[in-house]
Amino acid sequence: MPQPDILVIGGGPAGLSTALHLVQDAPHLTSRILILEKARYPRSKLCAGGLVLDAEVILQRLGLDVSEVPHVDADNIHFDFESKGLNLHIPRRHALRIIRRDEFDNWLAEKARERGIEIREDVTVRNMIPDGAGVTVETSQGRMRANIVIGADGSNGVARRCIFPNAPAHTARLLEILTPTRPHRPSDTTPNFSENGGGREGGAYFDFFPIPDNIAGYVWDFPTQINGEAMRCWGIYDTNLLATENRPQLKDPLAKEMSRFGFNLDDYEIKGHPIRWFSPRNQMSVPRVLLVGDTAGADPLFGEGISIALGYGVIAAREIEDALQRNDFSFYKYKLRVLKSALGQTLIVRWFIASVIYALKWRWFQILLWRVMKPVVAFAGWLFVVNWGKRL
Ligand SMILES: Cc1cc2nc3c(=O)[nH]c(=O)nc-3n(C[C@H](O)[C@H](O)[C@H](O)COP(=O)(O)OP(=O)(O)OC[C@H]3O[C@@H](n4cnc5c(N)ncnc54)[C@H](O)[C@@H]3O)c2cc1C
């Protein structure tokens, strides 16, 4: 195998964004970048596929138009507690664009290839050993040396484990289910069941009702599509922040929510995957190796990670360009660079909010937050949680 200068482990949004930004900022580096991807595109990735505005902003700045990818637009996002709460609507545009990850990641990889970036599929990285002069990477297709390695292999990846074998992992647990828009075996005795989806068509729903039962997260219900057919994506997110308390089985609140709309959870395939989330204590680099995306830490509040992964790519690319210019690959200021950026600021705010709102698990507090204080919550969210992409 030829020896790449800049090796990216993992061709998801974080790895592809890093490579695309490097090529945009420093085109002379194009032939020096290699992405290793263990799967073959279009590969499946468990994800609800909700793209927030910030993801679109970052892609636009790369000259990419995500509307080329099959999608469903949700006009409203509802943040509810027990079915009532805050409704977020952005005038003259969609509030959330929902893509399928096999299609989105395949599209992004195609764009990277069109810009001359080499992606080698079906190559699994097994181990990585940095030393003073470079990094030795062991893969399913042999050993290689690289000058710089970017660990972008997701929440279960090897890159982080190789460089930080004993670091604490903050991981959320998630379950996801895809259903048609109407149940297979509708039960018309269900209060919210109706032929058109219980009045929920066109909106994306988050309901935080499981928090008082020590599930530090929410249940979601998004519109989506598969091969052009309208579907619904249901799921549950638990940060695990209340893991020391007694909790019901994760699928119980999800089954409860689905049954309100006439769906029986047991009629559908259920899949699970963790998300490694950001904490200010997460380590993000060692000399010659940078982590991006879930490997470095996704959003703890909602488990939102696509825009975050794209954002890490912007910062990692700048860090690598500076390192090459200075011929200094210590990357000792990379984490500071992340924390000081608009991405880092939103991650810190989200980590703080998650630590507070999931710890204050009383029903009355959640009602106060999502129903009574909703103008304050909406304003604070708009100011501190979203809209960071433009400032990156
Ligand atoms: C159930 C669920 C629902 C979600 N819903 C949303 C949502 O609606 N909106 C949102 O923004 N985020 C969502 N997320 C989070 C989002 O999926 C992740 O944050 C995002 O995929 C992170 O991107 P990444 O590039 O860091 O990692 P990944 O997307 O995981 O990409 C990692 C890549 O590395 C490859 N890889 C892994 N190991 C190796 C190896 N050893 N060698 C070579 N290649 C390797 C993988 O095949 C993959 O292509 C959800 C996550 C889950 C689990």
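Helices (H or I, at least four residues) and strands (E, at least two) are DSSP runs, numbered from the N terminus. The model is a predicted one, in which local features need pLDDT of at least 70, side-chain atom pairs count only at pLDDT 80 or more, and totals for chains, interfaces and linings use all residues. Residues are numbered from 1 along each chain as its sequence is written, and side-chain values use heavy atoms, with hydrogens and water left out.

**Exercise 1.** Locate Pro42 and describe the peptide bond that joins Tyr41 and Pro42.

*Solution.* Pro42 belongs to the loop between strand S2 (33-36) and strand S3 (50-51). The bond between Tyr41 and Pro42 is cis, with omega about -10°.

**Exercise 2.** Classify the packing of helix H1 (residues 13-25) against helix H6 (residues 306-326) by angle.

*Solution.* The two helices pack at an angle of about 40°, and their axes are 7 Å apart; axes are lines fitted to C-alpha atoms, for helices over the stretch in contact, and angles run from 0 to 180 degrees between N-to-C directions. H1 is therefore oblique to H6: angles under 35 degrees count as roughly parallel, over 145 as roughly antiparallel, 65 to 115 as roughly perpendicular and the rest as oblique.
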